[in-house]
Amino acid sequence: MKKIYLITLLFIFIITAQVAYSQGCVAIRGFSACNGQVGSQAFLPKGEWLINGNFRYFHSFRHFRGHEEETNRVEEGTEVINDSYFFDASVSYGFSDRLYGSLILPIVYHERSSMYEHGGNPPNGLGDRHKTYSSGLGDVRLSASYWVLNPDKNSKGNFSVGLGLKLPTGDYGATSTFYNQGENRDETLELTVDQSIQPGDGGFGGTLELQGYRMLSHSFMLNGSFFYLANPRETNGESSRNRGTEFSVPDQYAVRLGATYISAVPGLSFYLGGRYECIPVYDLIGGSDGFRRPGYALSVEPGINYAKNKFSINVNVPIALERNRTRSYLDIQNTTPDRYRHGDAAFADYLINIGFAWRITKKISEPFHSM
């Protein structure tokens with residue numbers, strides 16, 4: 001069993017290495033891998049329910065082109081600022097002691113502040129900063145996951161495999177008020193907001209979710225998860241305020257791997273690990289044309305968790321170590337001997353994740369630890 005578990009963790013990293021072509025900063029939407037729990041308490045016995053809520057916030061403002069930060073944007077005051085808030089409400093049900101299903105309902109709210117969208121950046125533009133907004137229901141997900149090893153016979157470790165469907169329930173053509181528009185920059189118009197703050201992406205998608213854990217001792221546990229969203233649709237028919245290239249419907253994925261320390265204080269545990277979030281340049285299925293900002297963020301992720309009876313709460317704050325806005329499909333296609341194309345994107349310094357879980361059991365159960 002130990003060999004199987006270690007092979008699974010290696011499989012997670014192999015997938016990352018093969019697909020890690022890039023990721024997309026502010027365009028990355030929140031993800032909730034599997035049922036949100038780790039260790040033996042992640043098992044959901046037949047007929048029991050688990051209610052999860054996860055709040056996620058980031059403030060992106062640092063512009064990157066490749067690995068290099070364009071520090072002049074902040075110094076000049078021309079940076080684009082996104083404040084994004086996500087809340088994922090989910091419910092899971094145990095169909096058997098090894099098979100469970102989950103429904104995830106995401107709610108989003110975005111504010112985007114810029115000059116270039118409202119008359120242009122100085123010195124050639126007006127240098128007039130305004131905000132655009134979007135909010136509402138995001139793209140709903142349904143999934144089913146199965147624990148590969150029999151929980152009754154493998155108490156030290158296990159891993160689950162999940163498959164799911166992502167529905168295009170979120171608005172992917174949301175509009176807001178833009179100032180200083182038109183040829184003379186004297187019009188105020190209701191136009192499509194930037195792709196990074198659209199509540200949805202406009203495509204049906206399939207998801208693959210892996211999670212696993214291994215008890216190293218009574219106090220230490222190794223745990224990890226992998227999430228991949230494949231979007232076969234190439235573009236969604238919408239485009240930005242200037243009615244240019246249609247928005248792409250990109251894939252995205254995320255990997256977490258770390259260790260949990262279970263303290264002597266009942267219900268209290270600590271987590272330290274790494275998080276990798278990515279929007280790739282090329283999709284696994286379908287074309288990759290259209291406007292997207294690919295790239296990735298690699299973060300160190302400390303966290304603290306507390307559980308009592310059937311309730312658990314956790315706080316995790318991933319802090320960015322590396323950010324990379326990679327060249328998009330259009331950047332590559334539109335590069336000529338006379339003109340090299342490589343777009344930029346804004347990234348956050350850190351994320352704030354706050355989650356809670358409430359288990360509805362058929363009988364009294366021990367406290368559990370959440371990640």
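Reader: Which residues are linked in a network of salt bridges?

Author: Arg56, Arg256, Arg275, Glu277 and Glu301 are. Before we go on, please note that this is a predicted model, where local features need pLDDT of at least 70 and side-chain atom pairs count only at pLDDT 80 or more, while totals for chains, interfaces and linings use all residues. Residues are numbered from 1 along each chain as its sequence is written, and side-chain values use heavy atoms, leaving out hydrogens and water.

Reader: What makes the contact of Arg62 with Asp349 a salt bridge?

Author: The term asks for a side-chain nitrogen of Lys or Arg within 4 Å of a carboxyl oxygen of Asp or Glu. The N to O distance for Arg62 and Asp349 is 2.7 Å, so the pair meets the cut-off. Arg62 belongs to strand 1 (residues 49–65) and Asp349 to strand 19 (residues 345–360), 287 residues apart, which makes this a link between distant parts of the chain. In general, side chains of opposite charge can pair when their charged atoms come close.

Reader: How many salt bridges does the structure hold?

Author: It holds 18. Another one of them joins Asp349 to Arg323, with the closest N and O atoms 2.8 Å apart. Asp349 sits in strand 19 and Arg323 in strand 18 (residues 319–324), so parts 26 residues apart in sequence are tied together.

Reader: Why is Arg323 called buried?

Author: Buried means under 20% relative accessible area, exposed means over 50%, and partly exposed is in between (1.4 Å probe, protein chains only). Arg323 has 13%, so it counts as buried. Asp349, at 22%, is partly exposed, and so is Arg62 at 25%.

Reader: How do you know that Glu79 and Arg129 form a salt bridge?

Author: Their closest N and O atoms are 4.0 Å apart, and the salt-bridge limit includes that value. Glu79 is in the loop between helix 2 (72–76) and strand 3, and Arg129 is in the loop between strand 4 and strand 5, 50 residues apart. Glu79 is buried at 12%, whereas Arg129 is partly exposed at 27%.

Reader: Why are strand 3 and strand 4 said to pair?

Author: Let us take the words one by one. Helices (H or I, at least four residues) and strands (E, at least two) are DSSP runs, numbered from the N terminus. Two strands pair if DSSP finds at least two bridges between them. Strand 3 (residues 81–94) and strand 4 (residues 99–114) share 14 bridges in the antiparallel sense, so they pass that test. Phe86 stands opposite Val108 in strand 4, and four residues lie between the two strands of this hairpin.

Reader: Which residue is the bridge partner of His110 in strand 5?

Author: That is Ser134. Strand 4 and strand 5 (residues 130–137) pair in the antiparallel sense over eight bridges. Strand 4 also has six bridges to strand 6 (residues 141–147), again antiparallel, and there Ile104 stands opposite Arg141.

Reader: What makes Arg185 and the Pro122–Pro123 bond worth a look?

Author: Most residues other than glycine have a negative phi, and most peptide bonds are trans. Arg185 has a positive phi of about 55° although it is not a glycine; it is found in the loop between strand 8 (175–181) and strand 9 (187–192). A cis peptide bond, with omega about 10°, joins Pro122 and Pro123, and Pro123 lies in the loop between strand 4 and strand 5.
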